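The numbered points take up one topic each.

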Amino acid sequence: MAVLSRLALLLLLAWGGQGAAGQKRKEMVLSEKVNQLMEWASKRSVIRMNGDKFRRLVKAPPRNYSVIVMFTALQPHRQCVVCKQADEEYQILANSWRYSSAFTNKIFFAMVDFDEGSDVFQMLNMNSAPTFINFPAKGKPKRGDTYELQVRGFAAEQLARWVADRTDVNIRVIRPPNYAGPLVLGLLLAVIGGLVYLRGSNLDFLYNKTGWALAALCFVLAMTSGQMWNHIRGPPYAHKNPHTGQVNYIHGSSQAQFVAETHIVLLFNGGVTLGMVLLHEAATSDMDVGKRKIMCIAGIGLVVLFFSWLLSVFRSKYHGYPYRYV
């Protein structure tokens, strides 16, 4: 009986020793991975990865850090305009985190280009780019760990909110200085100052109702077409289906839009407005009856045509909408 007790004790000690050794090896591997990522992050905010690096540092355990990975196709022959636009915003987000005082080794930003890691795309059954996925510190990515690019757009601020939701890491986005705004403002002030100087005391042009009406109309058309939404969300210009190559300019959801879609809506609203103006002129101008009839017919045609196209856009976004104009 004593022999059996000693044998059991020896087995327990041996098993415990193996467990401690395994835990130590695990900690050493984790420390090496973190040190490697920190070294790369110190040189470049977004770490470029191929298949081997991705499997070793992102997929394989142990891991106590999150990795935000952008899967993209930046090579010129891929002709992915959206990939380049998304990459610019992604770089801004990664730089904001890398040079932040709150920077830690708990989250890293990485990139897998299709031409450098096509095996990773195949492993993840991924057939579109750009795509953002959060690989959490523990476990596999869940549904919410894939960024909804078509809904949220790829602006750095939107990506930062998503990162905060998935990792509890709050990143204050800091954009590089943009001098375009001050330059445009300075040019505008110079033009106004030049006009005032040239016109002298004659400032009647400031009371021109037609000029102010055109300026107000342009502003209203820009706002009603969704330009402010584009500025806030930063959506892609259009979407190209990777399977068929078909380019979609109208987003199929009522919760999002493309930049091209706002241009189309602005054009249609402008057409309807022009038709209304022609109808008003036909009813109130002093021209002869023949010209007024032509203006009236043209105005009705523009309103019918462009308003019908507006409704078709509405129907494509609100599926099941039962009404149409023509």
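1. Which residues of β4 lie on one side and which on the other, and are they buried or exposed? The model is a predicted one. Thr131, Ile133 and Phe135 lie on one side of β4, Phe132 and Asn134 lie on the other, and all of them are buried.

2. Strand β4 comprises residues 131-135, and five of its five residues are buried. Its pairing with strand β2 (residues 66-72) is antiparallel and rests on five bridges. Within this pairing, Asn134 of β4 is the bridge partner of Ile68.

3. Setting aside residues up to four places away in sequence, Phe132 touches Val69, Met70, Ala86, Tyr90, Asp145, Thr146, Tyr147, Leu149, Leu159 and Trp162.

4. The largest nonpolar core contains 29 residues, and Phe132 is among those with the most contacts inside it, together with Tyr90, Leu93, Phe109 and Val163. Two or more residues of this core come from each of β2, α3 (81-98), β3 (107-113) and α6 (156-167). Helix α3 gives the most, with eight residues. There is also a second, separate core of 22 residues, which includes Val34, Leu37, Met49 and Phe121.

5. The whole structure has 10 salt bridges. In one of them, Arg55 pairs with Asp52, with the closest N and O atoms 3.2 Å apart. Both residues belong to helix α2 (residues 51-59); because they are three residues apart there, about one helical turn separates them. Asp52 is exposed, at a relative accessible area of 55%, whereas Arg55 is partly exposed, at 32%.

6. Arg55 also forms a salt bridge with Asp119, at 3.1 Å from N to O. This pair links distant parts of the chain, since Asp119 lies in helix α4 (residues 118-123) and Arg55 in helix α2, 64 residues apart. Asp119 is partly exposed, with 30% relative accessibility.

7. A further salt bridge joins Glu89 and Arg175, whose closest N and O atoms are 2.6 Å apart. Glu89 is in helix α3 and Arg175 is in the loop between α6 and α7 (180-199), so the pair ties together parts that are 86 residues apart in sequence. Glu89 is buried, with a relative accessible area of 15%, while Arg175 is partly exposed at 38%.

Conventions:
Residues are numbered from 1 along each chain as its sequence is written. This is a predicted model: local features need pLDDT of at least 70, side-chain atom pairs count only at pLDDT 80 or more; totals for chains, interfaces and linings use all residues. Side-chain values use heavy atoms; hydrogens and water are left out. Buried means under 20% relative accessible area, exposed over 50%, partly exposed in between (1.4 Å probe, protein chains only). Helices (H or I, at least four residues) and strands (E, at least two) are DSSP runs, numbered from the N terminus. Two strands pair if DSSP finds at least two bridges between them. A nonpolar core is a set of buried Ala, Val, Leu, Ile, Met, Phe, Trp, Tyr and Cys residues joined through side-chain atoms within 4.5 Å. Contact means heavy atoms within 4.5 Å. A salt bridge is a side-chain nitrogen of Lys or Arg within 4 Å of a carboxyl oxygen of Asp or Glu.
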